[in-house]
Amino acid sequence: MDTVRFNGRFVQQPLKWVDNMYSYSRVTSGCLYTMTIDQLDARLIALLAAEPKLGVLECSRRLGVARGTVQARLDRLAARRVITGFGPDVDPAALGYDVTAFVTLQIRQLSGHEPVADQLAAIPEVLEVHTITGGDDMHCRVVARSNADLQRVIDLIVDVHGVVRTSTVIALDTPVPYRVLPLVADVPRQGSG
């Protein structure tokens, strides 16, 4: 089933299978999204990841397709949240946040994860929050200006209503940074198999 937006709601339609395309599904905010991307989509995403300032006309020239094709694909990829942003990637270390740490939280289960996540989002040094399986409940990526500043950030997290216990590890290096382009590059290969 393919999920599309209709009158502000997500509705499901049957997927149309097309040769040399790869279909995947994901759940976001309780809605199932199914998206089919092909080799041209993958090339477009890779091109914009490498050179985010390129305009639609230049992308069309480099990909050898019409400007309208590029615009339509970008609109579709953005509407389906395959492409989630066009903003600059910012390195926290360049802003003076030299320490990266991961904080695992145990929380009270009275009102769920959302109230805790909302409070964590109010702490600027909390970059990401994930709910997790296992003995703990949430996993946060945080930054700080120094180890002493990290203690301040952890204290802010511990003060969040609903947090019972934390455990912190400090990242020493990032040999493989966050990336998705290998997944995008794998799409055409997956679709042909």
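Predicted model: local features only at pLDDT ≥ 70, side-chain atom pairs only at ≥ 80, totals over all residues.
Me: What makes the contact between Arg 76 and Asp 41 a salt bridge?
Reply: Their side chains meet at 2.9 Å, N to O. The cut-off is within 4 Å, from a nitrogen of Lys or Arg to a carboxyl oxygen of Asp or Glu, so the pair qualifies.

Me: Which parts does this pair tie together?
Reply: Arg 76 lies in helix α3 (residues 67-79) and Asp 41 in helix α1 (residues 39-50), so the bridge joins parts 35 residues apart in sequence.

Me: Why is Asp 41 called buried?
Reply: Its relative accessibility is 0%. Buried means under 20%, so Asp 41 counts as buried.

Me: Why is Arg 76 called partly exposed?
Reply: Arg 76 has a relative accessible area of 26%. That value falls between the limits of 20% and 50%, so the label is partly exposed.

Me: Which residues form a network with this pair?
Reply: Salt bridges link Asp 38, Asp 41, Arg 73 and Arg 76.

Me: Where do Arg 61 and Glu 58 lie?
Reply: Both are in helix α2 (residues 56-63), three residues apart, about one turn of the helix.

Me: Why is Arg 61 called exposed?
Reply: Its relative accessible area is 56%. Exposed means over 50%, so Arg 61 is exposed.

Me: How do you know whether Asp 149 is buried or exposed?
Reply: Asp 149 has 14% relative accessibility. The limit for buried is under 20%, so Asp 149 is buried. Its salt bridge to Arg 152 spans 2.6 Å, N to O.

Definitions and conventions. Residues numbered from 1 in each chain as written. Heavy atoms only, no water. Helix = DSSP H or I, 4+ residues; strand = E, 2+ residues; numbered from the N terminus. Buried < 20%, exposed > 50% of the residue type's maximum accessible area, 1.4 Å probe, protein only.
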